[in-house]
Amino acid sequence: MKAIICTKYGPPDVLQLKEVEKPNPKNDEVCIKIHATAVTASDIYIRGSQIPIRFWIPMRIMMGLTKPRKSIIGLVLAGEIESAGKDIKRFRTGDQVYGLTGFSLGAYAEYKCMKETDSTYGCLALKPANISYGEATMVAYGGLLAFQFMGKENIQRGQNVLIYGASGTTGTIAIQYARYLGAKVTGVCSTTNLELVKSLGADSVIDYTKVDTLDPDVHYDFILDAVGKRKTSKLKDACKKALAPGGKYMSIDDGALLLDSNRLALIKELTEAGHIKPIIDRSFQFEEIAEAHRYVEKGHKKGGVVIKVK
Ligand SMILES: NC(=O)c1ccc[n+]([C@@H]2O[C@H](COP(=O)([O-])OP(=O)(O)OC[C@H]3O[C@@H](n4cnc5c(N)ncnc54)[C@H](OP(=O)(O)O)[C@@H]3O)[C@@H](O)[C@H]2O)c1
């Protein structure tokens with residue numbers, strides 16, 4: 001099978017298209033014929049080993065000290081079950097699935113074998129039927145991140161919610177999920193993305209490139225930093241001070257991403273009901289993956305970037 005091999009940490013050119021042996025599923029694994037993957041912020045960190053200093057040692061131990069332990073990287077996939085081991089109960093040949101591969105990586109390939117049970121090595125569920133494989137990779141990654149930090153325990157109907165970084169893979173889903181939960185939503189993004197964020201349902205938008213302060217009379221019950229701690233602005237600092245009494249501020253970097261197939265099932269349900277719409281910035285062919293990494297590395301994708309494998 002064809003796979004993108006990453007044998008050392010470095011710039012996008014370390015990614016090489018190679019012919020490698022196709023994996024065979026064990027009794028408790030499915031073999032997925034991958035139709036689409038994505039270039040996520042996580043893939044960029046892993047390939048370039050651009051890990052925040054406080055996570056450097058644990059991440060290098062997990063990912064590989066001097067080179068990636070898994071030469072085929074890639075965190076998110078959508079495809080079709082090609083074959084299933086005899087102990088598999090949740091899936092059948094031909095099922096269309098989507099999910100994350102966790103520490104096992106391996107989504108930058110034509111085939112990937114995975115267990116059907118959730119663990120740090122992946123989670124898998126039936127893909128939303130109304131969207132393409134490429135779109136499914138967007139809602140898998142952005143949805144798992146956004147849903148983990150939002151949800152009914154944090155957001156009640158009618159509350160004021162602010163999503164900082166509303167135009168990325170997670171932000172575009174966070175805006176829509178907050179709307180679905182009945183919140184009054186403010187999205188923070190740059191000038192070029194104001195219309196996109198409004199179109200996703202934001203009641204108001206704030207341009208972090210033009211505005212440094214917030215209206216002192218407006219307070220938020222829940223604030224999600226959807227781009228992570230490394231991207232900041234004066235406005236982000238102001239957001240932290242704009243909480244209503246009892247309000248909560250969370251960053252998507254507060255705690256590890258949970259790989260949860262029940263959450264994937266909820267994302268499927270809300271996507272099929274039209275509450276969550278994937279936003280694709282650009283799509284690339286499999287062999288153009290280095291170019292896709294160069295594009296994502298600039299840090300300004302709108303929604304996400306898809307890689308078509310098939
Ligand atoms: N908790 C975990 O385990 C875990 C796992 C994976 C990822 N993460 C976090 O999730 C983040 C990636 O999320 P993502 O892929 O959804 O984001 P993303 O798509 O990479 O975000 C891109 C967007 O960020 C916006 N942006 C760039 N700089 C900004 C700034 N200073 N202020 C506000 N917006 C800014 C850009 O908009 P403009 O072009 O308009 O600037 C662009 O639309 C990672 O960076 C990481 O921190 C956490």
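Visitor: Does α3 pass α4 in a left-handed or a right-handed crossing?
Guide: This is a predicted model, in which local features need pLDDT of at least 70, side-chain atom pairs count only at pLDDT 80 or more, and totals for chains, interfaces and linings use all residues. Residues are numbered from 1 along each chain as its sequence is written, and side-chain values use heavy atoms, with hydrogens and water left out. A crossing is right-handed if the near helix is turned clockwise from the far one by less than a right angle, and left-handed if anticlockwise. For α3 and α4, the crossing is right-handed.

Visitor: At roughly what angle do the axes of α3 and α4 cross?
Guide: Helices are DSSP runs of H or I with at least four residues, and strands are runs of E with at least two. Axes are lines fitted to C-alpha atoms, for helices over the stretch in contact, and angles run from 0 to 180 degrees between N-to-C directions. The axes of α3 (residues 133-149) and α4 (residues 169-180) come within 8 Å, and they cross at roughly 65 degrees.

Visitor: Which residues of α4 meet α3?
Guide: Contact means heavy atoms within 4.5 Å. On the α3 side stand M138, V139, Y141, G142, G143, L145, A146 and F147; on the α4 side they meet T169, T170, I173, A174 and Y177.

Visitor: Is Q176 buried or exposed?
Guide: Q176 lies in helix α4. Beyond its neighbours within four places in sequence, Q176 touches L200, H275, I276 and K277. Buried means under 20% relative accessible area, exposed over 50%, and partly exposed in between (1.4 Å probe, protein chains only). At a relative accessible area of 5%, Q176 is buried.

Visitor: Why is strand β8 largely enclosed by the rest of the structure?
Guide: One side of β8 carries N160, L162 and Y164, the other V161 and I163, and both faces are covered. Strand β8 (residues 160-164) is largely enclosed because five of its five residues are buried.

Visitor: Which residue in β9 is the bridge partner of Y164?
Guide: Two strands pair if DSSP finds at least two bridges between them. β8 and β9 (residues 184-189) pair in the parallel sense over five bridges. In β9, the partner of Y164 is V188.

Visitor: Which residue with a positive phi follows α8?
Guide: Helix α8 (residues 289-297) has I289, A290, A292, H293, Y295 and V296 as its buried residues. Their cover includes β1, β2, α1, β13 and β14. After α8, with a phi near 85 degrees, comes G299.
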